[in-house]
Amino acid sequence: MNQKLVYIASAGIVSPLGSGLAQTEAALRANSSAIGPLEIFPLLQGPPLPVGQVRELDSGPMPPRAHRLARQAAQMALADCPSPPDAIILGCTTGGILTTEQLLREGERNRDAYRWHGLFSLAEDIAALCGCTGPALTVSTACSSGAVAIALALNLLRGGRMRSILAGGVDSLSRLTYFGFHSLQLVDRNGCRPLDAARQGLAVAEGAGMLLLTTERPPRPLAALLGAGLSCDAHHPTAPHPEGQGARAAMMAALEDASLAPEAIDYINLHGTGTPDNDLAEARAIVSLFSPPPPLSSIKGATGHSLAAAGAIEAVISCLAVSRSLVPGTVGCRQPDPAFGFTPQRTCAEQPVATVLSNSFGFGGNNGCLVIGGPESKPPRRPVEQKEFLAIHGSACLSGAGSLAATLAQLHLGLPVAGQMAQDTLANQLPAKLIRRIKRLARLTLLLAGEAQADTVEKEPPAAIFMGTGWGALSETWDFLQRLTDSAEQFPSPIDFVGSVHNSPAGQAAMLFNAASANVTASGGDYSFEQALLAAQTLLPESGQSALLIGADEGHPEFSPLLDPSITAENLADGGGALYVDRQGKQARCLTRLSFYGRGGGDDLPERLIAALGGAAAIRSRTAAVLAGIPTAGRAEGDRQLARFFDLIGTPLPVCRYRDFTGEFASASAVAAVMAAAFIEAGSVPGGLVGSGDITLRPGDRLLVLGTGQCLTAMEFFRP
Amino acid sequence: MAPFAHLRVVHVNHNTMNELVEELKVKLIHLLNLTDLTPEQFDPQAQLVGGELGIDSIDVLEMVVMVERDYGVVINSQEVGEKVFASLASLAAHIQANRQGAAG
């Protein structure tokens, strides 16, 4: 069966150019730039740098600015939508950090004040407001986040289990990104001049873009999403590959995904940030793929670079290009760089556009490209893939007890493994050069990645990386903000800024293995690993490609107790798990899939979970035990959900409340997943974990790893 | 050491270039986390960026911040930067030559 066309039913956009499609179109046609001196937060010294800031945003201290941007764009996209979408997928890099920065400076110690900090809180906020009870996912792959979120949505819709998804990206301006990009000398003091021979950098900006995607033809579709391609440079934490190797691979993958030849593209919406390196690498990639290139331009001289929002905002602009027959100009470019071998579209032109290729590239060499066409476009000539499960061939975990063997030995005795591996112990297991510039989370990640690969027999290194982290690199973020404040905003650390992005650890893992395929970091609070698993099982192709699936979080003595309501300074624990996965079930040690992801605390969540698992009778007959993740902060809700689950299937099953053993941290479920895979392979579950004798597993038996609380999730583990 | 003690500006008069070179060795080992290098092993004439230490453009930016903070010397062009960070010795020479002017 061939794929259905995925329609873009409607779109929402909030950018420095204005709010909504009409204002945006008018600004594009006028070739106006919205870049101007920073106003939204006060500076301790020096003249403000040029930025792209959104005007006319609903005011008020709460929720944070990023949430208000997301709400406004989501409201527009959902205005004519009769029922909530089946899922929400947002790209985001800094969440509510603008508010967090202020709170930290005020010395606020009340953790409730920080409840909007996490990236997860934006997707959850939109899901709660529109009544979405399916997954609310957050993708954090730096400046490609918005495009990667839309790519994930496209593939979820193609799977056929969902009919509509609200997908996009959002970021607000913050001190972290304003001073961070400045410390990297990537900001042009003269405003942003993409593709200009004299370009000196980007202008940090903010905004939100949202697409309502659906497989059912809406009455007045705006456009169609024809394809998406992801890749990773696996080259450097910030600099693009000089020849644009990863950019080229992502563009090629997107064209192939849309079943289109390069000649079929009428307009290329460039990433075009205005930094000397990006624009040159992107130009080289384009010239190597398109001869000659179609009309192309960058809008970032008009909007600035809104980071995670950029890919989504430019997807909306691409919709305008096909629906309003326009090619936007490259505002700010006066003297096109002769090194490129092409001349960009300088001013907005009126001409028919059938298909657009839109590029987004980010730190960590994270690339995402989208192909957008008119609603009458042909669907891609590609079969629907039956992505039933992921096959596990190797694993690793880190806990307070140490690595996999030490952790399992302790668990077999029924003893807890909660705690933190000492910094020295962690550092001693990794080459000094490899970890010179990275702190705890990226170190944990690299150790997990190396050990999972070493545990895998007769397989190539992974081609793709999928990572879940609840809170990202807390050490780098904390240190960056502290030094910024301590030096009266004079001496922010470029190294800490680079390390602070949520996808920095996954980027490090990609460089370790030269993993040049998809590289996706999900950040979903206590369900981050589940979100990464969903991304992996959705995006990993059927064709032999392998991936590393990682979940990790660091316990930070200052930040963690403030941000994660399940953590106190006394119970600090961290670590994570990693699985080497592909689609080859035959020699696999264990198979897994994410079978359910629901949210919203609705009373029917357990009923829907049971239906997704094949019904009460099937669950009773083949589930040997449940590993239940019940975060302290969601204990009442989690206990209720678990009791209701057992009520509905008619019998209690042996339960391991795994956080009693792993300790409290957002990606504890990654350790539980590694435990479940190990028990399936060994054929038994240690009795000490379930308060009984050892459970011997029969061939058809499954282990269920449930996540409870704010969301209800189920990962299944079973034998090949 | 207190978490941000290394950020405090140190006002010391350097009588000789050698003292500055020795001071920079310690600073760079700490700043760039060169844990497998001792000050004695740090060759001031060796290629600093792109050499065996694995130092690249991001480290250069971190050093730019340090030089401004601790010595009041601003390095804001890539061209100058490339010459200045060729070796630890050239960095020391640049600081020595520009320090008084910048600070005064």
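## Domains of chain A

Chain A is assigned three domains: domain 1 (6-373), domain 2 (390-589) and domain 3 (591-665 + 677-718). These bounds come from an automatic or database domain assignment. The model is predicted: local features need pLDDT of at least 70, side-chain atom pairs count only at pLDDT 80 or more, and totals for chains, interfaces and linings use all residues. Residues are numbered from 1 along each chain as its sequence is written, while chains are lettered from A and ligands numbered from 1 in the order in which they are written.

The centres of domain 1 of chain A and domain 2 of chain A, taken over C-alpha atoms, are 26 Å apart. Across this boundary, 43 residues of domain 1 of chain A are in contact with 43 residues of domain 2 of chain A. Contact means that two C-beta atoms, placed from the backbone, lie within 7 Å. On the domain 1 side, at least two residues each come from α3 (97-105), β6 (136-139), α5, α6 (175-183), β9 (223-232) and α7 (245-257) of chain A. Helices (H or I, at least four residues) and strands (E, at least two) are DSSP runs, numbered from the N terminus. α6(A) gives the most to that side, with 5 residues. By class, the domain 1 side holds 22 nonpolar, 17 polar and 4 charged residues. Here Ala, Val, Leu, Ile, Met, Phe, Trp, Tyr, Cys and Pro count as nonpolar, Asp, Glu, Lys and Arg as charged, and the others, Gly among them, as polar.

## Helix pair α5 and α17

Helix α5 (residues 145-158) of chain A packs on helix α17 (residues 528-539) of chain A at an angle of about 65 degrees. Their axes are 9 Å apart. Axes are lines fitted to C-alpha atoms, for helices over the stretch in contact, and angles run from 0 to 180 degrees between N-to-C directions. The crossing of α5(A) with α17(A) is left-handed: the near helix is turned anticlockwise from the far one by less than a right angle, whereas clockwise would be right-handed.

From α5(A), the residues Leu152(A), Asn155(A) and Leu156(A) meet Ala535(A), Thr538(A) and Leu539(A) of α17(A). The contact has 4 nonpolar, 2 polar and no charged residues.

Helix α8 (residues 276-289) of chain A has 14 residues, which should span 20 Å at 1.5 Å a residue; its end C-alpha atoms are 21 Å apart, so the two agree. The expected span is 1.5 Å times one less than the number of residues. Buried positions in α8(A) include Ala281(A), Ala283(A), Ala285(A) and Ile286(A). Asp279(A), Glu282(A) and Arg284(A) are buried too. A residue is buried if 20 or more other C-beta atoms lie within 10 Å of its own, exposed if 12 or fewer, and partly exposed in between, with C-beta atoms placed from the backbone. The buried residues of α8(A) pack against α7, β10 (267-269) and β14 (355-362) of chain A.

Ser291(A) and Pro292(A) are joined by a cis peptide bond, with omega about -10 degrees. Pro292(A) sits in the loop between α8 and β11 (296-297) of chain A.

## Loop residues

Two non-glycine residues deserve a look. Gln185(A) has a positive phi of about 55 degrees. Its loop runs between α6 and β8 (207-214) of chain A. Gln185(A) counts as partly exposed because it has 18 C-beta neighbours inside 10 Å. Leu307(A) also has a positive phi of about 55 degrees. This residue lies in the loop between α9 (300-303) and α10 (310-324) of chain A. With 33 C-beta neighbours inside 10 Å, Leu307(A) counts as buried.

Lys586(A) lies in the loop between β20 (575-582) and β21 (590-599) of chain A. It is exposed, because 6 C-beta neighbours fall inside 10 Å. Lys586(A) and Pro720(A) are 134 residues apart in sequence, yet 6.5 Å apart in space, C-alpha to C-alpha.

## Chain B and its interface

Chain B has 4 helices and 0 strands. Of its 104 residues, 29% are buried. Among contacts in chain B with a separation of 6 or more, 59% join residues 24 or more positions apart.

At the interface, 19 residues of chain A are in contact with 14 residues of chain B. On the chain A side, the elements giving two or more residues are α14 (474-486) and α15 (494-500). That side has 8 nonpolar, 6 polar and 5 charged residues.
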